[in-house]
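Visitor: Please take a close look at one part of this model, a packed pair of helices and what surrounds it.

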Amino acid sequence: MAAAFGGKLPALSHDPKRKQDGFVRVKKSDLEKLTTEVMQLRDFLPRVLNGDLIEMLHEARTAQTVKEQLAQEQEQLRQQCLHLQSRLAAVQTECQKEREEKLLLREQLWQSGADMQQQAAFCSGLGSAACGLLWSCSASEDTVSRWLADGKLQSFLLVAAQTLESFVRSLDEEATTQTEDHNSQEHQFVLALAGTITNVAAVTCGRDFLSCSAHALLDTLMRLLELMTPGVFPKLKVLMLMALYNVSISVKGLKCISENPGLLPLIWTLLDDGDWEVCLHSLRLLQSVLLEEEVLILPGSSLLDPDLQARISRLTSSGQPSLRLAAQQTLEDLLALQQSSA
């Protein structure tokens, strides 16, 4: 190290003859030179080595701290990984359990749907058969009289009106025009309901009851006729028109249905229905209105509308004799009304 400062270490004598009591003889100049160099090293080395050493120690401590932090983070990540693996296993187990439950519920749902279809088919068949019996029984005047005496007719008519309205409002126009099944149990069920109402209205006591206590039912029938698409379920339309016509036979009934402002617009619409039986019974209902002088003031001048006469005139050329005859008679009644109003 002395060479780095430009000096040489003094040569020490190792002559055994010169060794006395563990001392070595050194020249004074060499000792002074060695002392000077030692003092220079003592003064200079800290300035050279201290900065690098401190920096190295600082870096070492920093590296140790970073190492410890990395070790802690690694341990945390390992713990998190174990936790996530545990959660993943639990979620997979739960997912498998839910999948099995879903498959079971789907199977139960399918079975319930099949059971409901069977029950619906059974109820439709039962309702169709029961209402068919009612329809047949209601053809007897004595039966209708007994129904009125028992006081059960009002509740039946309420249920019948709700059922007919639900059925008509559920119709899909496009589907029904393409797949209409007149022999379906549902169709036969509503036909039997409408037929029973028609038979009740055909009996004097039933007609009077409907005229006085079933205004809501009569309004419902007219509203449903307005909702139904032309050409769809003509048999049901015919039965409802027949029921209205039967009610109109009595003065009270005719006044009741004539007070509905939608009666004449409904008849105009049904005259263009396309089904000849619907047109025929629409004309008969209109004739009933025209023949009763007491209610002519209720419709007013609407009966003299040229559009109404034009529609009826088109029906006079129908290929159906009964429809053609009814149209001719209705035109005559309209002309008579026009002349009396002039």
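Guide: Angles under 35 degrees count as roughly parallel, over 145 as roughly antiparallel, 65 to 115 as roughly perpendicular and the rest as oblique. The model is predicted, so local features need pLDDT of at least 70 and side-chain atom pairs pLDDT 80 or more, while totals for chains, interfaces and linings use all residues. Residues are numbered from 1 along each chain as its sequence is written, and side-chain values use heavy atoms, without hydrogens and water.

Helix 3 (residues 153-169) packs against helix 7 (residues 215-227) at about 10°, the axes being 10 Å apart; the two are therefore roughly parallel to each other. Their crossing is left-handed, meaning that the near helix is turned anticlockwise from the far one by less than a right angle. Helix 3 contributes Leu157, Ala161, Leu164, Glu165, Val168 and Arg169 to the contact, and helix 7 contributes Leu217, Thr220, Leu221, Arg223, Leu224 and Leu227 (contact: heavy atoms within 4.5 Å). Of these residues, eight are nonpolar, one is polar and three are charged.

Helix 3 also carries Phe167, whose partner Phe233 lies in the loop between helix 7 and helix 8 (234-248), so the pair ties together parts that are 66 residues apart in sequence. The rings are edge-to-face, 5.4 Å centre to centre with 75° between the planes (rings pair if their centres lie within 6.5 Å; planes over 60 degrees apart count as edge-to-face, under 30 as stacked and the rest as tilted). A search of the whole structure finds one aromatic pair. Phe167 is buried at 7% relative accessible area, and Phe233 is buried at 6% (buried: under 20%, with a 1.4 Å probe and protein chains only).

Conventions:
Axes fitted to C-alpha atoms, helices over the stretch in contact; angles between N-to-C directions. Helix = DSSP H or I, 4+ residues; strand = E, 2+ residues; numbered from the N terminus. Nonpolar A, V, L, I, M, F, W, Y, C, P; charged D, E, K, R; others polar. Phe/Tyr/Trp six-rings, centres within 6.5 Å; stacked < 30°, edge-to-face > 60°. Buried < 20%, exposed > 50% of the residue type's maximum accessible area, 1.4 Å probe, protein only.
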